[in-house]
Structures are given as structure tokens and as C-alpha cells.
Amino acid sequence: AGIAIPAPTGLAVVKSADGKEQILVADEFSDDVLLVDAASGKVETRFDLADHPVVPSAYPIAVVATNDGSRAYVALWNDSSVVELDLRAGRIAGKVALFPPSVAFRPSSHPISLVLSTDEKMLYVALANRDMVAGVKVGAKGMQLARLYDTHLPGQTYFGAMPDSVALSDDGTMLYAVNSGTDSVAVFHTKPASLVGAPETPLGFIPTEWYPTAVAVKENQLYIATGKGRGTGPNGA
């Protein structure tokens, strides 16, 4: 009684200040993130991300951490925001809103996937319910929305791209956004951070199989996971 079922969704592996391996776990249904000792399974820090008396309401769904393990960022699926965590101090360090609805009961922008630039000064966030990727400047001065990337197909005016995953090329110059709604990967130049302005349009699109949900880059290879079979139509089985 009184305990929410956590439903862990996002994971990141980090190193503590003394070199121990830790696992950062986003618990979607209990509105928290846990920092867990990898060897013992002991919860070392709990970050309470609930901002509403009803839990779940924020729905933390994805996490990404800096290479030195000092900071992490959490996508809040239902709260239309990203939270910064200070892992060393065990506290919430900041928060940035990403296109929240004008009325609380309308749909969230659904931040769902995160990737940090190689210099860890930009955070790219897939907004599944706004058909965009947000580029957020991060660092000592906090978080600030800096650039937008439009994932619509040419001529697409209605909602439906639904970017569910993002990845960067090894050199950080190319951004890839998987569109689960249009079976495609939108490709962008990242470009220097600026003050928002008009959204960047894709250089082009890579067609995929049915319902792509994840993307990763390794050297010159782009890996795409599709959730509904090996073709662009229904399975025969």
C-alpha cells in the first residue's frame, strides 16, 4: 500500500566518484530515478521527480549521463520536460520545459529519447508528440532550448512523424531521428547552437521497415530497430 509499481524503462551506466560502476534507472510508473550500485544492487540515491499528488504523472522514460558520471538528464514523457540531475550531490539541478500543452489535460510533447553531443554541451531530445527534435544547450549555466529539427516528410502538414529515437554520428556533425509514424529516418546537420529560430529541415530521409523504434551509430554504420516485422506492411503470420 502506498508504493507505486516502478516499471523501469531507461538505463544508463555511470562511474561513481570513487570509480565504482553504477546504474541509473528511470522508473516510469513511480516518477523517480534510482542510482543503484551495480555490484550489490543497493539503491544509493533516489531522485523524486513527481510534481503532482497523483503518481505517476511525470513518467520518466529515458536517461543519459555524462562521461564522468557527474550529471544526468531525464526525459519526462508526460511532463513535457527534461530534468538535469547532479549525481554527486544527489539533487535535481535544473529543468527545461519542451512545448508543454496550453491546457494541462491536453497531450504532452512526449520527450522520449536523449543523446548528448560529443562535447556534452548539447542535448538532443526526440519529441514524439510534436514531430520535432529539440536541441538543448546544457552546462554550468543550466539548460536552454537552442535549436529545433522538423522531422516531417516533404509536404507533410499533419501530425504523424512521431520521432521515437535519436542518434549522432561519431564526429557529432550528423543527427538521425527515427520516425516511427512514417517508417523513415530523418537526417540533419547538427549545426552550431543558436537561439531557436525556424526549425531545421532534413537533408533527406532513409526509408525503413515497419515501425522503427530505435537507432544507433557505430563508425560508418547506422543500425535501425523496427518493431513490427521485416516489411513496411503487416506480417503474414
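By class, how does the lining of the second largest pocket divide into nonpolar, polar and charged residues? I noted first that the model is a predicted one. I then found that this lining has five nonpolar, five polar and three charged residues.

Entry on the second largest pocket. I recorded a volume of about 230 Å³ for the second largest pocket. Its lining is made of 13 residues, and those closest to the centre are H52, S57, N78, D79 and A104.

Entry on the largest pocket. I looked up the space in the largest pocket and found about 280 Å³. I listed the residues that line it, including A62, V63, V64 and A65, and also I112, S113, L114, V115 and L116. N67, S117 and E120 belong to the lining as well. Two elements, β5 (60-65) and β9 (111-116), each give two or more residues to this lining. I noted that β9 provides the largest share, with five residues. By class, I recorded eight nonpolar residues, three polar and one charged for the lining of the largest pocket.

Entry on the nonpolar cores. I found 35 residues in the largest nonpolar core, where Y73, V82, L98, L123 and V136 touch the most other members. Strand β10, residues 122-127, gives the most to this core, namely six residues.

Methods. Residues are numbered from 1 along each chain as its sequence is written. This is a predicted model: local features need pLDDT of at least 70, side-chain atom pairs count only at pLDDT 80 or more; totals for chains, interfaces and linings use all residues. Side-chain values use heavy atoms; hydrogens and water are left out. A nonpolar core is a set of buried Ala, Val, Leu, Ile, Met, Phe, Trp, Tyr and Cys residues joined through side-chain atoms within 4.5 Å. Buried means under 20% relative accessible area, exposed over 50%, partly exposed in between (1.4 Å probe, protein chains only). Helices (H or I, at least four residues) and strands (E, at least two) are DSSP runs, numbered from the N terminus. On a 1 Å grid over the protein atoms alone, a cavity is a set of points where a 1.4 Å probe fits but cannot get out, and a pocket is an open set with protein on both sides within 12 Å along at least five of seven lines; lining residues have an atom within 4 Å of a point. Grid points are joined across faces, edges and corners, and a volume is the space filled by probe spheres set on the points. Ala, Val, Leu, Ile, Met, Phe, Trp, Tyr, Cys and Pro count as nonpolar, Asp, Glu, Lys and Arg as charged, and the others, Gly among them, as polar.
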